[in-house]
Each structure stands twice: as C-alpha cells, then as structure tokens.
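Work through the exercises below with the model open. Try each task before reading its solution.

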Amino acid sequence: RQRELACEARVRLDGRRGLKLMTLAIPELSGAITAYRLPLSVADPQAVRTALWERFRIEINMVEHTDGPFLRVSTHFYNSLHDLDMLAQAVDAVLA
C-alpha cells in the first residue's frame, strides 16, 4: 500500500510547478518516501514547508542537498489518494 501511494505521488507531483523527482522509480528499489527537488526559483525552502503547514495543515519535510532543496513526501498506510490530490493542489498554491 505504501509503495502504491508513493507511485501515485510520483504521478501527481513530478514536473508539477517545477518539482523534479529525485527518487528512483524502480519498483524493486522504491519505498514509501519520494523526494522532489524544488525549482531553483524558490529562495526559501523552509517558507514552502511553513506555508504548506499553516495554509493546508500538510506536514512535509525539506531536506538540504547538494543538488538543491528537496521536498520529501512520506506516504503511509493511513494516507489516501485524496490526501495526494490535496498535496498537489497545495503545491500549486504555494509554488504559484
């Protein structure tokens, strides 16, 4: 279930508002976590994290990486496709 949700997250988020999937999409090497590099135009990654929480009550982690800041999505058994749709809409709003 978690891997299935992570795959659905890839479909909804990769390329959206400049997000770039950084996690391997090989099923045998994938799990419940996916990471997306933020667009270079994002000056303050922590502001994105804060906005997702304050405006949409979506808790997400930002990871600093040599390739740029990554937005990390952790899907779990209690998440739903609706949750992923809400995340995609929130990303649209915050990165607009």
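Buried means under 20% relative accessible area, exposed means over 50%, and partly exposed lies in between (1.4 Å probe, protein chains only). The model is predicted: local features need pLDDT of at least 70, side-chain atom pairs count only at pLDDT 80 or more, and totals for chains, interfaces and linings use all residues. Residues are numbered from 1 along each chain as its sequence is written, and side-chain values use heavy atoms, with hydrogens and water left out.

**Exercise 1. Classify Ile26 and Leu29 by accessibility.**

Step 1. Ile26 has a relative accessible area of 38%, so it is partly exposed.
Step 2. Leu29 reaches 59% relative accessibility and therefore counts as exposed.
Step 3. Strands are DSSP runs (E, at least two residues) and helices are runs of H or I of at least four, numbered from the N terminus.
Step 4. Take a distance. The C-alpha atoms of Ile26 and Leu5 are 14 Å apart, at 21 residues along the chain. For Leu29 and Asn61, 32 residues apart along the chain, the C-alpha separation is 21 Å.

**Exercise 2. Which residues form a nonpolar patch on the surface?**

Step 1. Apply the criteria: patch residues have over 30% relative accessible area and no salt bridge; like charges are joined within 9 Å, nonpolar side chains (Val, Leu, Ile, Met, Phe, Trp, Tyr) within 5 Å. A salt bridge puts a side-chain nitrogen of Lys or Arg within 4 Å of a carboxyl oxygen of Asp or Glu.
Step 2. The patch is Leu24, Ile26 and Leu29.
Step 3. Together they have about 290 Å² of accessible area, by the Shrake-Rupley method with a 1.4 Å probe; for residues, only the protein chains shown count as cover.
Step 4. Locate Leu24: the loop between strand 1 (20-21) and strand 2 (33-37) holds it. Leu29 has its place in the loop between strand 1 and strand 2.

**Exercise 3. Trace the pairing around strand 4.**

Step 1. Pairing requires at least two DSSP bridges between two strands.
Step 2. Strand 2 runs antiparallel to strand 4 (residues 70-74), joined by five bridges. Here Arg37 has Phe70 as its bridge partner.
Step 3. Strand 3 (residues 61-63) is also antiparallel to strand 4, through three bridges. Asn61 faces Arg72 in strand 4.
Step 4. Find the turn. Six residues separate strand 3 from strand 4 in a hairpin, and Gly68 in the turn has a positive phi of about 120°.
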